[in-house]
Amino acid sequence: MNESLSVLNWNVSGLNSPNRHATVHETIAGTPCNLVCLQETKLSEVNPFIASFLGGQRLKNFAKKPAHGTKGGILLLWNEDYIKLDNISVGNFSISAKITLVSTSTSFKFTSVYGPTRSNLKDAFFQELLSLKPQQGTRWLVAGDFNQIYRACDKNRSNVDRSRLVRFRNALNSSGLKEIHLQNRKYTGSNEQANPTLSKLDSFFCNDDWDVDFGSHILHALSSSLSDHCPLLITCDKGPKRPKTFRFEKFMDQDA
């Protein structure tokens, strides 16, 4: 059993102040994570001092996708006592690496994404996701803020672009990805208005090969007042296995 993998994923909505650094540091320190994926850092440069403060004594290594000005940005932090990262590559909307667990030598491809908010970039994002699909037999885990839903029920409003929803679902299907069930929350983000729009934009997806070896891992949402997105933590549960991951049906919405 691959018990040494614990991943925290979070859209932090900016790391541009000491107070925000402290809150992220405290959240990371309060979990057993050995890999952290932060999206929307809004930092065009991440230096070792910032990375070491965020990760504390445990997570001393980092890799980054810089923000464009103050938009976007992805940061990975990890504990080299538990995992090794190799073959790090940065795309337009993602950062990928080969992860190897030190305790078992089990390896898999990991991709952290921050999907575009602009509608005219959505299809380029879907295409990049397809291009990252590893060769057959390779385990693959994908996490991040996708800024896109693949089911109408993942938003509490009816104003969804169903055509784009279907295109995203088709990209996931073609990539061999299925969603890992989030145990304790229906939505992961809010626009924080008086009558808020709620959406499930943050997710973990995996392929069948990853699911076979990490089926005991459970995905939970954590609480935080820092961001309009909640942190997600996937970690091993030594008890009963989690419910089966959601599998997609190959059909087109009638409204598409």
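The face of helix H1 turned away from its buried side carries the exposed residues Pro18, Asn19, Glu26 and Ala29, where exposed denotes over 50% relative accessible area, buried under 20% and partly exposed the range in between (1.4 Å probe, protein chains only). The structure is a predicted model, in which local features need pLDDT of at least 70 and side-chain atom pairs count only at pLDDT 80 or more, while totals for chains, interfaces and linings use all residues. Residues are numbered from 1 along each chain as its sequence is written, and side-chain values use heavy atoms, with hydrogens and water left out.

The buried residues of H1 are Arg20, His21, Val24, Thr27 and Ile28. Seen down the axis of H1, these buried residues fall within an arc of 130°, so they line one face of the helix; the arc is that of the directions from the helix axis to the C-beta atoms. An α-helix has 3.6 residues a turn, so residues three or four places apart point the same way. The buried residues of H1 pack against strand S1 (6–11), strand S2 (35–39), H2 and strand S4 (74–78), contact being defined as heavy atoms within 4.5 Å. Helices (H or I, at least four residues) and strands (E, at least two) are DSSP runs, numbered from the N terminus.

Helix H1 (residues 18–29) packs on helix H2 (residues 48–55) at an angle of about 45°, with the axes 7 Å apart. Axes are lines fitted to C-alpha atoms, for helices over the stretch in contact, and angles run from 0 to 180 degrees between N-to-C directions. H1 and H2 are therefore oblique to each other; angles under 35 degrees count as roughly parallel, over 145 as roughly antiparallel, 65 to 115 as roughly perpendicular and the rest as oblique. The contact involves His21, Ala22, Val24, His25 and Ile28 of H1, together with Ile50, Phe53 and Leu54 of H2.

Arg185 lies in the loop between strand S9 (178–179) and strand S10 (189–190). At 35% relative accessibility, Arg185 counts as partly exposed. Residues up to four places away in sequence aside, Arg185 touches Ala221, Leu222, Ser223 and Cys230.
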